[in-house]
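Please open the structure in your viewer and keep the selection panel at hand. The stops below go from a single residue out to an interface.

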Amino acid sequence: MKLNGRVWKLERDVTATDLFPARFDKLGMKRNWAECAEHLLEDAYPQFAADVAPGDFLVVDGTVGSGHAHYFGAAVMSCREVGLSAVLATNVNGMFFRSATDLGLKVWTFPELMPLVESGHQLELDLDAALASNMTTGVTARLTPVPELIQEIFSAGGTTAWAKSRPEVLARTRAHRESLSNAEPLQI
Amino acid sequence: MGSTMTAKILARAAGKDVVAAGDVLLADVDVLTVPDAERFIDVFVDEGLRVWDPSRIVFCFDHFFADWMPSGAVREHPKIHRFSEDQGIPRDQIYDLDRNGLSHQVPVEEGWILPGTVSIGADTQSATMGAMNCFSMPALSSGTTAVALTGKWWIVVPECIRVNLTGALPAGVLGKDVAYRLIRDMGGFVDGRVLEFAGPGVASLPIDVRMGIANGAIQIGAQTVVFPGDQRLLDYLRPRARAPFVTVEPDEDAPYYRTIDYDLSTFECLVSGPHEIDLIRPVSEVAGTKVHAANIGSCSSGRLEDLKLAAEVLEGHVIHSDVRMAVTPISASVMRAAERTGILDVFRAAGAVVSEPGCGGCYHGNRSPIQLQDDEVCISTSVENLSGRMGGVGSQIYLGSAAVVAASAIGGAITDPAPYLEGKVGVR
């Protein structure tokens with residue numbers, strides 16, 4: 001899988017409520033992701049929500065996703081709503097990683113990437129080859145590979161789609177449908 | 001290099017001999033516990049999907065009360081019954097009225113959750129079940145559908161922090177006070193790791209108190225907590241375990257990110273809030289703050305140990321005339337035990353309303369029966385104190401133990417329960 005986009009880099013920790021400020025919680029509770037996304041990183045990176053474009057990367061030279069799990073859903077869905085390619089960080093909170101991956105946002109720990117890119121650079125990330133190429137500076141770096149299972153979930157677009165595509169799940173669903181269609185028709 | 005309890009449980013569930021922090025696994029799920037407010041049923045019905053194993057899914061009716069939220073109960077409860085019948089989930093795996101309660105409490109009481117196993121809960125507070133020497137996590141966000149389809153839990157094996165306990169809690173201090181101390185002390189570095197409890201102090205903690213501590217996992221910032229499988233746990237499980245099990249213990253050279261030592265005798269009553277869960281202060285620092293409502297219940301309290309201590313505080317007193325108070329036992333069996341031992345009569349005599357078991361005043365989405373007005377202050381044992389959680393966005397929620405809430409209800413202001421407990425603790 002290859003991802004391409006412009007880099008937005010923050011050299012600090014970015015908590016779940018930095019991504020999605022707690023004062024907009026009502027929008028999150030209503031699952032209004034489009035409006036949530038208008039406030040993405042509003043305090044930590046004020047021009048971000050207005051200027052971010054689909055395909056861009058958020059690069060965090062620090063820990064991403066610490067803080068209250070109540071806000072994880074809105075934080076993740078806001079990132080998805082603006083079309084981020086991925087969130088790449090020096091360190092990722094384990095629970096935030098789980099929420100993001102389940103919901104189809106690619107988040108991964110790439111400390112090797114930090115010296116390679118600055119805000120505004122164009123980045124190409126080849127997850128299969130574990131290579132990051134800075135298309136602006138021409139510098140390439142090898143990354144720690146993303147494990148196969150995580151790549152499978154990334155490719156599927158989240159855990160639900162990944163689960164539905166597993167062979168045993170498809171077989172079970174098919175068998176059930178066949179059993180319904182083979183059932184004796186009702187005598188009316 | 002040895003293994004933590006977490007690594008041992010996950011290795012078994014993934015069919016591996018040994019795993020280490022950072023390994024990515026697919027672990028087999030032993031039990032999926034589901035409350036009555038879950039969207040995955042709609043996905044299954046709409047798309048004609050089938051659950052992986054009907055014998056391993058347990059539903060508990062907890063969020064939608066027939067008395068306070070009839071519309072939700074009427075919509076969700078029959079839906080769960082229809083879904084279960086269609087999927088072949090046995091009817092006795094639906095904990096309906098008179099058997100109901102919180103979705104990470106009832107499966108423990110009913111012997112579904114056993115040492116060495118992996119259980120996933122659809123509710124955010126499902127790490128509570130980690131008190132059973134097992135690996136138990138909430139399926140935050142959209143994880144429940146995948147578990148129900150596959151019976152698998154994908155996981156990056158987490159690092160663990162060892163919490164070494166000595167001594168015993170002072171009288172009047174509950175699991176909630178321990179959880180708040182851990183939020184205050186450890187919130188900065190837990191960062192999604194797992195807390196594993198150890199040390200001679202664990203033996204002094206009743207199972208109810210362990211569950212109260214484990215309930216705070218997500219607020220502490222931990223993926224889950226794991227308590228050891230000691231004699232007290234074995235005694236608790238003996239009459240209820242549904243299957244044979246083997247307890248797990250860490251190897252002596254198990255790798256821990258950090259080890260923290262605590263003398264339980266140094267713990268005290270703490271209060272969280274308002275608005276921020278990690279604004280934690282000793283009850284003495286907020287004493288005197290006027291309250292209009294008091295709430296005992298929810299999954300972080302509402303167990304028999306909590307209700308018993310609150311009754312000891314309230315016995316012989318009446319609730320302040322400016323305060324309305326609700327008490328919600330965590331489960332039908334706890335409610336029956338509290339009824340049998342006269343605890344509920346103490347609440348009623350003091351002027352509190354006792355509701356049917358469930359989430360009670362904690363229920364999110366502005367549908368709390370407490371219905372705080374914008375200028376009101378509540379002291380509650382519940383999970384969250386976010387603005388607007390129990391009513392108006394201008395209201396303030398302070399959180400504390402059942403003893404703190406009971407004392408505050410008497411005083412009409414946040415109150416240290418210690419004077420009310422002199423000579424009373426353990427009497428009931």
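Contact here means heavy atoms within 4.5 Å. This is a predicted model, in which local features need pLDDT of at least 70 and side-chain atom pairs count only at pLDDT 80 or more, while totals for chains, interfaces and linings use all residues. Residues are numbered from 1 along each chain as its sequence is written, chains are lettered from A in the order in which they are written, and side-chain values use heavy atoms, with hydrogens and water left out.

Select Thr144(B) to begin, in helix 5 (residues 143–150) of chain B; helices are DSSP runs of H or I with at least four residues, numbered from the N terminus. Thr144(B) is buried, at a relative accessible area of 2% (buried means under 20% with a 1.4 Å probe, protein chains only). Beyond its neighbours within four places in sequence, Thr144(B) is in contact with Leu32(B), Glu38(B), Phe40(B), Ala122(B) and Ala139(B).

Next, display both chains: 37 residues of chain A are in contact with 39 residues of chain B. The two chains bury about 3200 Å² between them, 62% of it on carbon and sulfur atoms, where buried area is the accessible area (1.4 Å probe) lost on putting two parts together, summed over both. Now pick out Met95(A), Arg98(A) and Arg172(A), which supply 22% of the area that chain A buries against chain B, more than any other three residues.

Finally, select Lys164(A) and Glu47(B), whose side chains meet in a salt bridge at 2.7 Å, N to O (a side-chain nitrogen of Lys or Arg within 4 Å of a carboxyl oxygen of Asp or Glu); the rule finds one salt bridge across this interface.

Definitions and conventions:
Helices (H or I, at least four residues) and strands (E, at least two) are DSSP runs, numbered from the N terminus. Buried means under 20% relative accessible area, exposed over 50%, partly exposed in between (1.4 Å probe, protein chains only).
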